Each structure stands twice: as structure tokens, then as C-alpha cells.
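Biologist: Could you take me through this model, beginning with the terms?

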Amino acid sequence: MTQLRLSALALLTGAISGAGVALFMGLIGLMTQALWGDPVVEGLDRQIPWVWSLSICSGIGVVLSQLHRAGEHTLLPELPETIADLRDPDHAPPRNNVQAILGAALAQIGGGSIGPEALMTRLAAVISQRIWRGRDHDLKLAATAGSLGLFGFPLLGGAVVQTSQRRDLIARWTPGTLGGLAGFAAFHGIDQASGGSLQRMAYSWPSNLGDDLGTLSSGAMAGVVGWGLGWLLLRWRSWLEPRQLLAHWRWWPALTGLLLGITMHWLPLVPFAGEEQLRPLLEGAGSTNAFLLIISAIVKLLLLGLCLETGWRGGIFFPLFLVACAAGVGLHELSPNLGSLGSWCGGITGAIYLTVLRSPLVALILGLGLLQGHGATAVLVGVAVAWLITHRSPPGNAPPPARQTPDSPGCPEPQW
């Protein structure tokens, strides 16, 4: 009976945290649309006045400079860091959650090239912790697991928080995840967060041997491209991180905002996370030429790394997805007779996630989930190609390892 009561409390906690995150993200969406307008957020407006974009982006950058001047503890932790804090709260570094969440919300509104998932998960964790204060630690994890269900990937949530005992999986993680899904679904958040609009797009299936070969060929080439993009991001971040830009000059967020304001005037796909930009991009509504799409993908990738290291904190899942699709659309336009749009986008998506996250399972779940079934074969091919390159590259040419946290794939269990 006690276990049943605790499971019911986990379900309720997950539902409340999911609903709270949905309301908060909805407010951010309303403010973003009011400030920029739908055409800008969707990447369709190429006539943004310089005065407007520079003023808004650099102005928010100045606010972020002031907000984070106290140091690292005011910055939003990335998703692996939040999970690590939850799994080992006794050794979690002190964090100012109010300043971190406020700064991340401003970065979203201001057009930062960062995704919402780190903010969403941190917010869900904070809500769950406030409700669950003083109670069962494992059930606090279970309730927070619902935040990962916000993306439509409840299995991914279970993978990062469940314990080795099946009893805990059923009685602890499941109620929290279901609660998070229910709370967020009540506000129609899952469809927006997971790219669910792709479900309404027509599927393209191979109909003969030529189509099959084209899908495999384009998926393999896309895998190489995706690996290269992932390698570029890892190299870029490994170069930026040791320099501790914010510690040496507190006005870096303002400079990053200035760069965002300049680039969005010519490259409208560079700012924002990419959820609203995705469908117009895949439908060709922007009529952007192939080379400009590829340039946009590379610039967005570089600005993603710069944002994360200069106070414009957020996640990497959705920006990487937009980068993959922009590059995929561009390459498909350059070689329209080889494969399909889905195979190019799918291959790059799978490969870039595998390279950055170093987990084939997570790369497959994210690729298949975000693409909603489009280019499924190419996602698998892209993951396989990137895995082969990553594991067979000479040491000097391999991408640098991702930051290790206690929950990182392949990271040994901490010994206390």
C-alpha cells in the first residue's frame, strides 16, 4: 500500500511538473512571436531591419551579461548536467536556478541558436524538487523523468534515470514519466516539441531497386556529412571551453547577441531552436538556394557552440536537427536524382547525433522520433556510417570525446 501511495504521488508530481513546463514554454512562445512575428520565427523573413535585430539580440545579450556576471552557478546546466545533479545531489555544484532559468528563457526569446530541452528538463526538475522535498530520492528522479517524455521519448527518460531493479522501473519511473507526459500533453506540448508537424507531410517510400540503392547510397554519403558536422561542433566546443570566455570578459553574451542580430539578416535559419523553421524548410517555402542552406547549417552549428559557451544557454537536440535538415535539403537539391529528401535528412540526422552523443541507441531514438518515420532507413545507415568512422579513425583524426558526466554513455560508475 505504501508503494502504491508513493507511485501515485510520483504520477501527480510528474503531471504537475509537465503542466508547469508546458505553461512556461507557452509563455516563452507567445513572447517570442510578439517580439519577432511568425515569419521571422519560421525563417521566412529575409527583410528583417538591421536596427531591430541588432537592438533586440544585443540588448538581450547585455541583460545576460549582467545576469551571469556572478559566475558559473548562474548559468543553465546542460541536460546531462541536470541528470547528473539529480542522480548525485550530494555532490551537485551549487546553482542559482532562478537566474539560470530566467537567462535561458531570455536566450530563447532573443533568438539564440539553442534548443529548449535543457531549459524544459531543468524546470521540470526544479518543480519536482520543490514538490518532493524531503521524500524518497528515487521517486524524485522518477517524477523528473517525465520531463524527457516531453519530447515524445519516454524510453529515453527511463534509460537515464532507471535503476537496475525491475521493481523500480515499474513502480517508480513509470508513474513519473506518465505524469510528465500527461501534464505536457494537456497543453499540446508534445506535438510542438517533437516536430510532430512532420506527421502531416507525405511519406516517400522506395518503390523499386533503383530507389532502394539510391536511399542506401544517399544515406551513406549523408552519414559522412553528418559525421563531419558533428566533428566540427565537438572540435569547436573543445577549442572554446578551455578559454573560459565568460570568466575573462563578461560582455561576451552581448557580442554573441550582436553576431546573432547580424547573421539573421542574411541567414534566417540561423537564429532560434528550429522547431518552427523545420516544416517551411522541408516544404521549400523559403525558396533558399542549396549553397545558402549549407552555409546556414554550418553557421548555425558554429553559433550553437558559441552560444553555449557565452551565456546563451540551452540544448543541442533541436538545433542539430535543423542543421541536419538544412544540409540535407541543400544536398538533395544539388543531387535530386540520388535518394529522397528524407534519406538525406535522415542520414545526416542519425550521424550527427551519433557523433555528438556517442550513443547509437539515443541517436536512433532521436532520429526516428524527430523525423516521425521519414527516412527511417537512412537514419540507421547514417548511424552505422558515423559509428564506423568514429571507431576506425586514427587517434589524431577522431573527434574529441564529449564532456563526461556520471550518466554519460560509457562513463564508469563513480566510486565513493
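Modeller: Helices (H or I, at least four residues) and strands (E, at least two) are DSSP runs, numbered from the N terminus. The model is predicted, so local features need pLDDT of at least 70, side-chain atom pairs count only at pLDDT 80 or more, and totals for chains, interfaces and linings use all residues. Residues are numbered from 1 along each chain as its sequence is written, and side-chain values use heavy atoms, with hydrogens and water left out.

Biologist: How many helices and strands does the chain have?

Modeller: There are 19 helices and zero strands in the chain.

Biologist: Where does isoleucine 262 lie?

Modeller: Isoleucine 262 is part of helix α13.

Biologist: Why does isoleucine 262 count as partly exposed?

Modeller: Because its relative accessibility is 32%. Buried means under 20% relative accessible area, exposed over 50%, and partly exposed in between (1.4 Å probe, protein chains only).

Biologist: What share of the residues counts as buried?

Modeller: Of the 416 residues of the chain, 54% are buried.

Biologist: New topic: where is glutamate 117?

Modeller: Glutamate 117 is in helix α6, which covers residues 117-131.

Biologist: Which side chain of opposite charge is nearest to glutamate 117?

Modeller: That is arginine 237, 9.5 Å away. Lys and Arg count as positive and Asp and Glu as negative, while His and the chain ends are not counted. Glutamate 117 is buried and has no salt bridge (a side-chain nitrogen of Lys or Arg within 4 Å of a carboxyl oxygen of Asp or Glu).

Biologist: What does the side chain of glutamate 117 reach?

Modeller: The backbone nitrogen of phenylalanine 317, at 2.7 Å.

Definitions and conventions:
Polar contact = N/O pair within 3.5 Å; in protein donor to acceptor, adjacent residues only side chain to side chain.
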